[in-house]
Amino acid sequence: MPVTMLQIPTPDGSADAFAAFPDHGERHPGVLMYADAFGIRPVLRGMARELAGHGYYVLVPNVFYRHGPSPVIELPEYIDEEARTTSVAQLMPLIEAHTTERVLRDADAYLRFLTTRPEAGAGPVAVTGYCIGGLLALRTAAAHPGRVAAVAGFHGPVGADGPDRDRLLSGLTARVHLGHAETDLTSETLGELNQALDAAGVDYTSEIYPGTVHGFTMSDTDAFDPAGLQLHWDRLLPLLERTTADR
């Protein structure tokens, strides 16, 4: 399974990235994958390769490229509670500096780059993201309704009430799946979010994955839940198949 290191031109510089894709010759549906806050590292490369093995061209950018190439901060091989606290403290200024304006400017560059890859199909793409990447995925999909056919977010900060959330949801035309950690949302908050999705006319599934904590998809952290990761694949792969089957 080829993995290629890339540089994506953006209005603010050049974002380092990698792509994983099948090694046979035809073009493959494109997927833009946003990492969690800890960024590009071996577990993300493994997840991208896993997805690529199902027939997709998967592009994973370093969203914090303005602060340096990945890894933007030094990370241990295994992120336990102590390492998480230390790393999040280092990353929080980067997250706060990554404004919606920057997110949308970068998203346009990422999608433009993705759809010009010779290995990627020219049609609409899918976007998926983890943790803060889940929010970036939704913002990307809402800003590009004609280019994004499907969007999925896992343990992402998308449940907060307010006008910003409602504006975001109202821009979604892609099919949506949201997989929430049990520690991130109460059943009441989930109901309120799903009501907002209904009101916005979104074609979606949105559910709490039982027994999970924030970060459950990431096998290099103490939040990892194998059953939660498998459920994530069980939801993500059919969504992508339904929205890319005609390409």
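Eight strands make up an open sheet of mixed pairing, in the order S1-S2-S4-S3-S5-S6-S7-S8. Strands (E, at least two residues) and helices (H or I, at least four) are DSSP runs numbered from the N terminus, and two strands pair if DSSP finds at least two bridges between them. Strand S1 (3-10) and strand S8 (204-209) are at the edges with a single partner strand each, so one side of each has no neighbour in the sheet. From one strand to the next the twist averages 20°. This is a predicted model, in which local features need pLDDT of at least 70. Residues are numbered from 1 along each chain as its sequence is written.

Strand S7 (residues 175-181) pairs with S8 in the parallel sense over six bridges; Gly179 stands opposite Glu207 in S8. Helix H4 (residues 132-143) packs on the sheet and touches S3, S5, strand S6 (148-154) and S7, contact being heavy atoms within 4.5 Å. The direction of H4 makes about 155° with that of S5 (axes are lines fitted to C-alpha atoms, for helices over the stretch in contact, with angles from 0 to 180 degrees between N-to-C directions).

The largest pocket has a volume of about 250 Å³. A pocket is an open set of points on a 1 Å grid where a 1.4 Å probe fits, with protein on both sides within 12 Å along at least five of seven lines; lining residues have an atom within 4 Å of a point. Of the 14 lining residues, Ala37, Arg84, Val88, Cys131 and His214 are the closest to the centre. Helix H2 (residues 81-97) gives the largest share of the lining, five residues.

How values were computed:
This is a predicted model: local features need pLDDT of at least 70, side-chain atom pairs count only at pLDDT 80 or more; totals for chains, interfaces and linings use all residues. Side-chain values use heavy atoms; hydrogens and water are left out. Grid points are joined across faces, edges and corners, and a volume is the space filled by probe spheres set on the points.
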